[in-house]
Amino acid sequence: MEKPEPTGSCLLALRQLVLSFDPQIQEVWQYKMPFYKLGPKRLCYLWEEKKTGRPYLGIVDGYLMDHPLLIAEKRSRMKILLIDPTEDLPWETIREILERASANLRFQ
């Protein structure tokens, strides 16, 4: 299902960033959304907030990370990075979060 602009383009750019982060990342569909696995473990996923429609990058084991831009809301395991689709993507922040999340996966 296509998303309206600018959300659709934002999600595509996020997808490309995640897939290019590590050559071992695989995209799989679970729970009707794209998840990105590093080896056998789920690293992150892309989705949009129900209330506002803003896209976000969800970190599966976000509870293991302490980053000022990651929010848990009512989630016990996952944290999300909300993205403003009308602004440039925060590339460095996203890479930093993915690096920390992938390091956490390797030590589990």
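This is a short chat about the predicted model shown above.

Me: How many helices and strands are in the protein?
Reply: The predicted model has two helices and five strands.

Me: And what pattern do they follow along the sequence?
Reply: The pattern reads α-β-β-β-β-β-α, with the five strands sitting between the helices in sequence order.

Me: What radius of gyration does the protein have, against a compact globule?
Reply: The protein has 13 Å, and a compact globule with 108 residues would be near 13 Å, so the two agree.

Me: What box do the C-alpha atoms fill?
Reply: Roughly 40 × 30 × 30 Å, along the principal axes.

Me: What share of the residues count as buried?
Reply: 43% of the 108 residues. As for the surface, the protein exposes about 6700 Å², with carbon and sulfur atoms supplying 53% of that area.

Me: Contacts next. Of those between residues at least 6 apart in sequence, what share join residues at least 24 apart?
Reply: That share is 45%.

Me: Switching to charges: how many positive and negative side chains?
Reply: There are 16 positive and 15 negative ones, and the centres of the two sets are 10 Å apart.

Me: Now threonine 93. Where does it lie?
Reply: Threonine 93 is part of helix α2, which covers residues 91-106.

Me: Buried or exposed?
Reply: Threonine 93 is buried, because its relative accessible area is 19% and the cut-off for buried is under 20%.

Me: Which residues is threonine 93 in contact with, leaving aside neighbours within four places in sequence?
Reply: His67 and Leu69.

How values were computed
Residues numbered from 1 in each chain as written. Predicted model: local features only at pLDDT ≥ 70, side-chain atom pairs only at ≥ 80, totals over all residues. Heavy atoms only, no water. Helix = DSSP H or I, 4+ residues; strand = E, 2+ residues; numbered from the N terminus. Rg over C-alpha atoms; globule rule 2.2 N^0.38 Å. Buried < 20%, exposed > 50% of the residue type's maximum accessible area, 1.4 Å probe, protein only. Contact = heavy atoms within 4.5 Å. Areas by Shrake-Rupley, 256 points an atom, 1.4 Å probe, with all protein chains shown as cover. Lys, Arg positive; Asp, Glu negative; His and termini not counted. Charge placed at Lys NZ, Arg CZ, Asp CG, Glu CD.
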